[in-house]
Amino acid sequence: MELLPTIWFVAIAALWIGYLLLEGFDLGVGMHMLVSARTENQRRLMLNSIGPVWDGNEVWLITVGAATFAAFPLWYASLFSTLYIPLTLTLLGLIFRAVAIEYRGKGATDRWRAWWDRALGIGSFVAAFGVGAMLTLTTTGLPINANGDRVGGPFAWLNGYAVLGGLAVVGFCLVHGAVFLSLKTLGPVRERSRAFVVRWAPVALLPIVGWVLAVQFTTGTVITWGLVVLAVVAVVYGWTAARAGREGRAFAGIAAFLVLGAASIFAAAFPVLIPSTIDSAFDLTVANASSGAYTLGVMSVVTAVGLPLVFVYQGYTYWVFRRRLSETHLPEAHIVEPAIASR
């Protein structure tokens with residue numbers, strides 16, 4: 001196995017984990033605005049908790065897409081040709097979510113805000129479900145031929161694994177978002193979010209456990225099973241900390257659960273990028289789907305310089321906006337009327 005393709009597989013896996021870890025609580029907060037908030041101020045508080053960071057978190061998805069396109073063009077092409085419909089729906093979900101965040105405060109009526117709240121919540125759900133379905137099918141298999149093209153109709157990808165993966169990421173985002181809200185807010189939002197984690201986390205995280213086990217029973221190794229055990233320890237620790245009202249430890253436990261569980265999936269799948277459900281000889285692997293050594297070498301140099309700067313900048317952003325928020329911190333809602341030019 002060549003070194004550079006392996007390094008870039010690890011890098012892309014790390015980018016996906018970073019996206020799920022950071023964007024996960026954003027998407028979860030978006031869904032909680034529909035299912036957990038009781039008043040307009042509570043919805044504003046939830047939105048303000050992610051306001052400084054949501055767009056930076058979304059960049060991780062763009063980065064992982066660009067890295068996949070450059071490092072493994074056949075992987076990228078096969079994914080988009082086979083999963084064109086779910087990826088398009090995911091993109092639309094992200095667009096509705098972003099527009100809702102920006103437009104929600106531009107109107108003065110309850111009807112206007114309710115419309116954009118629905119757009120934000122549903123868009124977050126669709127985006128989370130689509131990402132989960134795509135990642136799960138990448139690890140469990142797609143109907144691709146020797147050229148990496150889809151065999152079958154436009155819904156040939158739709159199966160039980162796709163639904164399992166979609167529910168896995170939706171469930172994780174709901175729990176992760178609730179833990180984040182309990183860590184970042186004060187008052188009723190904090191209490192209700194912590195209660196959601198304590199009550200619903202054991203149920204909401206079952207689909208992601210099912211995804212992990214499905215991969216491990218197929219291609220798992222001693223090392224990946226060890227990661228699974230550590231992930232179980234982490235999630236139990238996080239849930240116990242949430243019950244005790246220790247939100248920081250709860251967030252760390254849930255985050256560690258995601259990192260270890262996702263790492264076990266990617267490690268078990270390696271070196272296969274997309275298993276073919278038609279014939280294993282058609283599998284896309286790190287060896288047969290990667291770019292040339294020159295391309296990967298240039299990418300490695302650029303990434304070695306640029307990525308640390310991104311980490312420093314994003315880490316600084318989280319540090320600046322680390323304080324808890326409460327409804328008393330919110331200014332009075334107001335609408336700025338456009339100025340009329342005098343003649």
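The following paragraphs describe selected local features of a predicted model.

Residues are numbered from 1 along each chain as its sequence is written. Because the model is predicted, local features need pLDDT of at least 70 and side-chain atom pairs count only at pLDDT 80 or more, while totals for chains, interfaces and linings use all residues, and side-chain values use heavy atoms, with hydrogens and water left out.

A pair of aromatic rings is described by the distance of the centres and the angle of the planes. Here, rings of Phe, Tyr and Trp (its six-membered ring) pair if their centres lie within 6.5 Å; planes under 30 degrees apart count as stacked, over 60 as edge-to-face and the rest as tilted. The structure contains 17 aromatic pairs. In one of them, the ring centres of Phe 25 and Phe 180 are 4.1 Å apart and the planes lie at 10 degrees, so this pair is stacked. The pair joins distant parts of the chain, since Phe 25 belongs to helix α1 (residues 3–35) and Phe 180 to helix α7 (residues 160–184), 155 residues apart. Helices (H or I, at least four residues) and strands (E, at least two) are DSSP runs, numbered from the N terminus. Phe 25 and Phe 180 are both buried, where buried means under 20% relative accessible area, exposed over 50%, and partly exposed in between (1.4 Å probe, protein chains only). Ring pairs also link Phe 25, Phe 180, Phe 251 and Tyr 318 into a cluster.

A ring takes part in another kind of arrangement at Trp 319: the charged end of Arg 322 sits over this ring, 3.8 Å from its centre. The criterion is that NZ of Lys or CZ of Arg is within 6 Å of the ring centre and within 35 degrees of the ring normal.

Helix α7 also holds Gly 165, which counts as buried at 0% relative accessibility. Not counting residues up to four places away in sequence, Gly 165 touches Gly 132, Ala 133 and Thr 136, contact meaning heavy atoms within 4.5 Å. Val 131 is placed in helix α6 (residues 110–140) and, with 6% relative accessibility, counts as buried. Leaving aside neighbours within four places in sequence, Val 131 is in contact with Trp 16, Tyr 19, Leu 20 and Thr 90. The C-alpha atoms of Val 131 and Trp 16 are separated by 10.0 Å, although the two residues are 115 residues apart along the chain.

Helix packing can be followed at α8 (residues 188–204) and α10 (residues 222–243), whose axes come within 9 Å and cross at roughly 140 degrees. Axes are lines fitted to C-alpha atoms, for helices over the stretch in contact, and angles run from 0 to 180 degrees between N-to-C directions. The contact involves Arg 194, Val 197, Val 198, Ala 201 and Pro 202 of α8, together with Trp 239, Ala 242 and Arg 243 of α10. Helix α10 also contains Ala 241, which is buried, with a relative accessible area of 7%.

Two further sites concern the later part of the chain. The peptide bond from Phe 270 to Pro 271 is cis, with omega near 5 degrees, and Pro 271 lies in the loop between α11 (247–269) and β1 (272–274). Ser 326, in the segment after α12 (293–320), counts as buried at 10% relative accessibility. Beyond its neighbours within four places in sequence, Ser 326 is in contact with Leu 45 and Leu 186.
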